[in-house]
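Hello,

Here is the structure for your files. My notes on it follow below.

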Amino acid sequence: MEISILLAEQIIAMFLTMAVGFGVVRAGLFKTEDSRIISNMVVYICNPCVVVHAFQIELTDDKIKGLMIAVGMSVIVHVILIVGSEILSYIIHFNSIEKASIIYTNAGYLVIPLVSAVLGEEWVFYTTAFILVQTILMWTHGVNLIGQEKNLNIRKILCNPNVIAMIIGIALFALEIRLPAVIDSCVSGFGDMISPASMMVIGMVIGDVDLRWVFRQKRPYLICMIRLILFPLIAAIVFAGLERTGLHPDAEYILMIVLIATAAPAAAMVTQLAQIYEKDSRYASVINVMSVICCIITMPLMVLIYEMLIG
């Protein structure tokens, strides 16, 4: 119950940051178009720094085994999300923005600061598993889905700063190399910016939108229900069963971290990619905003259900 309450408090704090982005646009201090600059900074600077910094921990057998478990669970979750969204699309007929919003979550922007605040910085390491899987899929499947790029450029994917950061982070971890204090301070400083900057982008994107119109839209509520309740509930039940098998001494929290990432709101990256590829970023931001608001209740609820199931 305590973890669920802490989660709710942290999510509310992030929502207030989003409100600042909304407020500065409404006050005329910034324009909605200015969010694109911050968006690019988050995607190409802050996110890579978060990934590299997360791998700056001691190499142990338990850490490696735990990370492999987290990676395996993250792969399974994404397979279920992709296949499940395709199956549901035959009935509900999702567009590309809706499909991407169901599949991809705010694992980097929201989960890292949440895990750090609720469980402690030493647990942030395991969030990289979900981020690793999602980063690879986002810049392959996600770009193809949103940008409609039929012929994927492998060189472009491998040269993406986020993928490069993942490779660097894993290499530093495996070779037990620690960044010099000055460089590590710079990297962690950019990483600390990711949560407020990404939430400000979301707020700025909807700064010139009529919120009464936003909340009158019916379709995003359905997308949010699937993103925040249906798939996370399936994950909570499955993970609770796996936790009882004694996979790892820290299985309870490792699986909880993957569950938190699964139960997170729609990825802000969907809005940012929609901006980059000149798609309907406004609709993407509407889904994102609704899911952020709703997750104040749904994320702690999913964690509470998981805690109750593991007894």
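This is a predicted model: local features need pLDDT of at least 70, side-chain atom pairs count only at pLDDT 80 or more; totals for chains, interfaces and linings use all residues.

Residues are numbered from 1 along each chain as its sequence is written, and side-chain values use heavy atoms, with hydrogens and water left out.

The whole structure has two salt bridges (a side-chain nitrogen of Lys or Arg within 4 Å of a carboxyl oxygen of Asp or Glu). In one, E86 pairs with K99 at 3.4 Å, N to O. E86 belongs to helix α3 (residues 61–92) and K99 to helix α4 (residues 96–103), so the bridge ties together parts 13 residues apart in sequence (helices are DSSP runs of H or I, at least four residues, numbered from the N terminus). K99 is buried, at 12% relative accessibility.

R219 forms a salt bridge with E98, with the closest N and O atoms 2.7 Å apart. R219 is in helix α12 (residues 219–243) and E98 in helix α4, so this pair ties together parts 121 residues apart in sequence. R219 is partly exposed at 30% relative accessibility, while E98 is buried at 3%.

Regards

Key. Helices (H or I, at least four residues) and strands (E, at least two) are DSSP runs, numbered from the N terminus. Buried means under 20% relative accessible area, exposed over 50%, partly exposed in between (1.4 Å probe, protein chains only).
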